[in-house]
Amino acid sequence: MTAHLYSTTVSAPARLHLGFLDLHGGLGRRFGSLGLALDEVATTVTAQTADRICAEGPQARRAETYARLALRHMGIATGAHIVVHRAIPEHAGLGSGTQLALAVASALAHLYGAECDARALAATLNRGQRSGIGLGLFEQGGFVLDGGRGATEEPPRITARLDFPASWRLLLILDDGFRGLHGAAEKEAFAALPMFSEQQAGRLCRLALMQALPALAEHDIAGFGAAISAIQAAVGDHFAPAQGGRFASRRVARALDWCAHNGASGVGQSSWGPTGFVLLDSETRAHALLRALRSAFADQGLEFLVCSGRNRGADLSVERIPARASAT
């Protein structure tokens, strides 16, 4: 009788970080984030048992580091072979690091039958230091709001979640020639920013609680888009000294401005960018704008992608494989 082993595959969705709400922190909690899972962009990894830790595919070195940290955290002394089939673009504002880390850790936990406390793993993998939306969207999908970073070291908890309307679309504007701030440069940028006013923080929290969330629940894209655009403008202007303007990429900024004057319900930049996003109320309108953008911004070094919101978290599948096909 042929022995069998198993492989586990996890596909983790990209996310949009739609803005911080309280950069003042006077109430004891700082940041607070809005986020949305995307259905067309993802990181997909497969884990198999192995005698040593190794990885292949895009962002393999990063995946190997996360695998080593996750196995140590779970007390597993053996190795693993990680295959990264596809990966969210790095430093584009789409949550590549958090989703790769959680995908690798989750795949390994299920492969070895270990307890998978995603929050503890996120802290071990140095993810979720300012925002909890990456973890929340990995687990739940949809549109989420986290409650900000408090006194503990754990990632902020999700305090509100809503489904994103199935008919709405996001049009992403991608600048492959630009990388958003990350690592040490990101930490330095946060440290150098001016104080965020308590009045401004109150305004953004009001926009989120009293406009964005109710409008989303009522499928009112005009109200939702107006709230997101206002939050984006305020946060973008605050970060302008660090990123060179309201939006990090000038090419993306020009395209977003053009969209705002040509039927978009809301525009903004995800995290440090450079990826921009445009809110639209239908697939038809999204593809019409896509064609117009490609014509208006031909040869500008930009790419455009129509996406839908994703109302579930990461996907997990388990496959039985012949023992002779397992990694060594």
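This is a predicted model: local features need pLDDT of at least 70, side-chain atom pairs count only at pLDDT 80 or more; totals for chains, interfaces and linings use all residues.

**Entry 1: strand S7**

S7 is joined to strand S9 (residues 276-280) by five bridges, and the two run antiparallel. In that pairing I found Leu172 opposite Phe277 of S9. S7 also pairs with strand S10 (residues 303-307), again in the antiparallel sense and over five bridges. Here Leu171 stands opposite Val306.

Next I asked how many of the residues of S7 are buried. I noted six of the six in residues 169-174, so the strand is largely enclosed by the rest of the structure. In a regular strand the side chains alternate between the two faces of the sheet.

**Entry 2: the nonpolar cores**

I then looked up the largest nonpolar core and wrote down 46 residues. Leu34 and Phe224 have the most contacts inside this core. Among the elements that each supply at least two of its residues are strand S1 (4-22), strand S2 (31-50), S7, helix H6 (198-217) and helix H7 (221-243). The largest share, nine residues, comes from H7.

Leaving aside neighbours within four places in sequence, its contacts include Leu16, Leu18, Ile133, Phe143, Ala208, Ile228 and Ile231. Apart from this core I found another, of 33 residues, with Tyr66, Met74, Leu108 and Leu111 among them. In soluble globular proteins, nonpolar side chains tend to be buried together.

**Entry 3: helix H6**

I checked the length of H6. At 1.5 Å a residue, its 20 residues should span 28 Å, and the end C-alpha atoms are 27 Å apart, which agrees. I did find a kink of about 30°, centred on Ala208. Ala208 is also one of the buried residues of H6, along with Leu204, Leu207 and Leu213, among others. Just after the helix, His219 takes a positive phi of about 55°.

**Entry 4: Arg15**

Last, I looked at Arg15, which lies in strand S1. Is Arg15 buried or exposed? I noted a relative accessible area of 12%. The cut-off for buried is under 20%, so Arg15 counts as buried. A polar atom of its side chain lies 2.8 Å from the backbone oxygen of Gly93. Not counting residues up to four places away in sequence, Arg15 touches Gly93 and its listed partners Leu36, Ala37, Leu94, Gly95, Ile133, Leu137, Ser270 and Ser271.

Conventions
Residues are numbered from 1 along each chain as its sequence is written. Side-chain values use heavy atoms; hydrogens and water are left out. Buried means under 20% relative accessible area, exposed over 50%, partly exposed in between (1.4 Å probe, protein chains only). Helices (H or I, at least four residues) and strands (E, at least two) are DSSP runs, numbered from the N terminus. Two strands pair if DSSP finds at least two bridges between them. A nonpolar core is a set of buried Ala, Val, Leu, Ile, Met, Phe, Trp, Tyr and Cys residues joined through side-chain atoms within 4.5 Å. Contact means heavy atoms within 4.5 Å. The expected span of a helix is 1.5 Å times one less than its number of residues. The bend at a residue is the angle between axes fitted to the seven residues ending there and the seven starting there. A polar contact is a pair of N or O atoms within 3.5 Å; within protein, one must be able to donate a hydrogen and the other to accept it, and residues adjacent in sequence count only if both atoms are side-chain atoms.
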